[in-house]
Amino acid sequence: MSAGPVPELEARAEACAERLRDADSVLLASHIDADGLTSAAVAASALERAGIRFDTVFSKQLDADEIASIAATDHETVLFTDFGSGQLDIIVDHEAAGDFTPVVADHHRPADAETEYHLNPLLFGIDGASELSGAGASYVLARALETDGEGSTSDNRDLAALAVVGAVGDMQDSDGALHGANEGIVEEGIEAGVLEANTDLTLYGKQTRPLPKLLEYASDVRIPGISNDHAGSITFLDDLDLDLKADGEWRRWADLTAEERQTVASALVRRAVASGVPADRINSLVGTAYTLVGEETGTELRDVSEFSTLLNATARYDRADVGLAVCLGDRDGALDRAQKLLRNHRRNLSEGLQWVKTEGVTVEENVQWFDAGTRIRETIVGIVAGMAVGASGISRSKPIVAFAEKGDAEVKVSARGSHFLTRKGLDLSAAMRGASRAVGGDGGGHNVAAGATIPSGKREAFVAEVDRIVGEQLG
């Protein structure tokens, strides 16, 4: 095997791959967000190519009960992807009892426990929140699995495309491009002919949205007279002296020539400057766009960010099977079902965001929060929280914490920060874990985005504790 895309992880990846080859069968257990689905798809493809028998299960939260049900299966080896590190203390108890041998490919903050086959960038000095995703860790493992133990080899570099979808789905490109260990994966995807990386507008929906909608809904950088203004977006485009319609219908960004894109982008930047948009926000209008070259132009699958949103629309509505099938190449029934789920997902996000804007947030000394109750689905409340930051009355300078009902006895908590705040010391993984455990729950994640589950009736105590912890972190 050639050197892997992340040399620091190569020896550990080889050890994990060897363990998987030695297994009679493997249970592949993965998380349900875009990163979790792509992690599972990368791992499933690699296991199949290596001739390793496996079954797949998904879980939205890997807790003690979930791990116990995994232990009750007849698989001697369990491969955890995009979770497992944060639950290592529970997993190793089952390992010690002889229930299964764990292999973990994850990027979340590890619990205070150790196991032999643990592939996590944080163990090797690489930031799992910004430099390597769960799908990236799975990809490193997939590259180590390229030999099947019987002398034949496969080239798994085509799976780099899915690893990049996972990284972008985990917001690791929030500074305008993927960096760190992710760059090695991008390079391999380009070499394999499955990926392109070009400088482009960073607006969401370049493949599928008509141009006025693309500009109207571009909320990350608010440009007066264009953002959230349908008529203003049309007027802006009409003034450009370009033919931006075909057969009476507005074209999409993906339909434009390079020259046309340059004209629109330049005019957009000029409008932003004239409107007094801060320079750092204007700079974020342009970044690196990642394209899956094997997918059809004008579909959600062509653009990495749109692909990741499509995946979020499946498993978060209990259809992980649909998202996995799309990742594994089903372009017929599964894609149709995913697109229907995506329309529903967008409607729910829009309604959830409108509710938060209307209701507002409660501001504490160091954090801000809202309690959606049953109005926002617990599997998407974190996405809504992230989208709400920067809206009227919702500060960018404090982390946002969101609550949603999970059941009769539990509440889901999601927290979102910014890389600006993490550079100042914010670690939401530690804050969520510490505050939730203080009230009888548990949590974890990344420094910039994390979650927890707490008992009902403990919100006030939780908010007080997380506010205290974040205050200490930010000093």
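Analyst: N228 lies in the loop between α8 (211-216) and α9 (230-238). Helices here are DSSP runs of H or I with at least four residues, strands are runs of E with at least two, and both are numbered from the N terminus. The phi angle of N228 is near 55 degrees, a positive value in a residue other than glycine. Most residues other than glycine have a negative phi.

This is a predicted model, in which local features need pLDDT of at least 70 and side-chain atom pairs count only at pLDDT 80 or more, while totals for chains, interfaces and linings use all residues. Residues are numbered from 1 along each chain as its sequence is written, and side-chain values use heavy atoms, with hydrogens and water left out.

M171 also has a positive phi, near 60 degrees, and is a residue other than glycine. Its place is the loop between α6 and α7 (181-191). M171 counts as partly exposed because its relative accessibility is 44%; buried means under 20% relative accessible area, exposed over 50%, and partly exposed in between, with a 1.4 Å probe and protein chains only.

G169 belongs to helix α6 (residues 160-169). With 23% relative accessibility, G169 is partly exposed. Apart from neighbours within four places in sequence, G169 is in contact with A34 and S308, where contact means heavy atoms within 4.5 Å. The C-alpha atoms of G169 and S305 are separated by 6.6 Å, although the two residues are 136 residues apart along the chain.

H446 sits in the loop between β14 (442-445) and β15 (449-455). H446 is buried, at a relative accessible area of 8%. Leaving aside neighbours within four places in sequence, the contacts of H446 include H107, H108, D170 and S429. Its C-alpha atom is 4.8 Å from that of S429, which is 17 residues away along the chain.

Next come the packed helices. Two packed helices are described by the angle between their axes and the distance between the axes. The axes are lines fitted to C-alpha atoms, for helices over the stretch in contact, and the angles run from 0 to 180 degrees between N-to-C directions.

Helix α12 (residues 304-315) packs against α13 at about 150 degrees, with their axes 6 Å apart. This makes α12 roughly antiparallel to α13; angles under 35 degrees count as roughly parallel, over 145 as roughly antiparallel, 65 to 115 as roughly perpendicular, and the rest as oblique. On the α12 side the contact is made by F307, L310, L311, T314 and A315, and on the α13 side by A320, V322, G323, V326 and C327. Eight of these residues are nonpolar, two polar and none charged. Ala, Val, Leu, Ile, Met, Phe, Trp, Tyr, Cys and Pro count as nonpolar, Asp, Glu, Lys and Arg as charged, and the others, Gly among them, as polar.

Helix α13 (residues 320-327) also packs with helix α14 (residues 333-359), at about 125 degrees and with axes 9 Å apart. That angle makes α13 oblique to α14. In this contact, V322, A325 and V326 of α13 meet A334, L335, R337, A338 and L341 of α14. The contact residues divide into seven nonpolar, no polar and one charged.
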